[in-house]
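Let's take a walk through this one, beginning with a single pair of side chains and then stepping back to the whole chain.

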Amino acid sequence: MAKGEVELGVVVITQALTTPGVELVGPIPPEIQFYTTFTAGVSANSKAPEAARELIKFLTGATAIPVIKTQGMEPAK
C-alpha cells in the first residue's frame with residue numbers, strides 16, 4: 001500500500017500505524033474482528049527468573065502501557 005501498488009489492504013493495526021505512507025482508516029467491523037493475545041511467563045528452568053519477572057512487570061507497567069497503545073495494541077484491563 002505504501003508503494004501505491006494496491007489501494008486497500010487488511011493488516012494488523014500495529015503494522016498500519018508503523019508503516020510510513022500508510023493511513024489507518026479504521027478497524028474492521030467488530031463482528032469479524034479478532035484479537036491476538038500476547039502472554040508471558042517465566043520458565044522453571046530460567047537462568048535469570050528475577051530478570052524475566054522484572055521484564056514482565058515493566059511490559060505491564062505504567063511506562064510501557066502508553067507506548068503499547070501508540071502502537072495500536074490494547075493492553076489487558
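E50 and R53 pair up in a salt bridge, with their closest N and O atoms 3.5 Å apart. Keep in mind that this is a predicted model. The two residues sit three apart in helix 2, which spans residues 49-59, so about one helical turn separates them. How exposed is each partner? E50 is partly exposed, at a relative accessible area of 45%, and R53 also counts as partly exposed, with 43%. Search the whole structure and one salt bridge is what you find.

Now zoom out to the fold. The protein chain has three helices and zero strands, giving the pattern α-α-α when you read along the sequence.

How does the radius of gyration of the protein chain sit against that of a compact globule? A globule of 77 residues would come in near 11 Å, but this chain has 17 Å. Along the principal axes, its C-alpha atoms fill a box of roughly 50 × 30 × 25 Å.

Burial is the next thing to look at: 6% of the 77 residues count as buried. The accessible surface of the chain comes to about 6,800 Å², and carbon and sulfur atoms account for 60% of that. As for contacts, take those between residues at least 6 apart in sequence: 30% of them join residues at least 24 apart.

Terms used: Residues numbered from 1 in each chain as written. Predicted model: local features only at pLDDT ≥ 70, side-chain atom pairs only at ≥ 80, totals over all residues. Heavy atoms only, no water. Helix = DSSP H or I, 4+ residues; strand = E, 2+ residues; numbered from the N terminus. Rg over C-alpha atoms; globule rule 2.2 N^0.38 Å. Buried < 20%, exposed > 50% of the residue type's maximum accessible area, 1.4 Å probe, protein only. Contact = heavy atoms within 4.5 Å. Areas by Shrake-Rupley, 256 points an atom, 1.4 Å probe, with all protein chains shown as cover. Salt bridge = Lys/Arg side-chain N within 4 Å of Asp/Glu carboxyl O.
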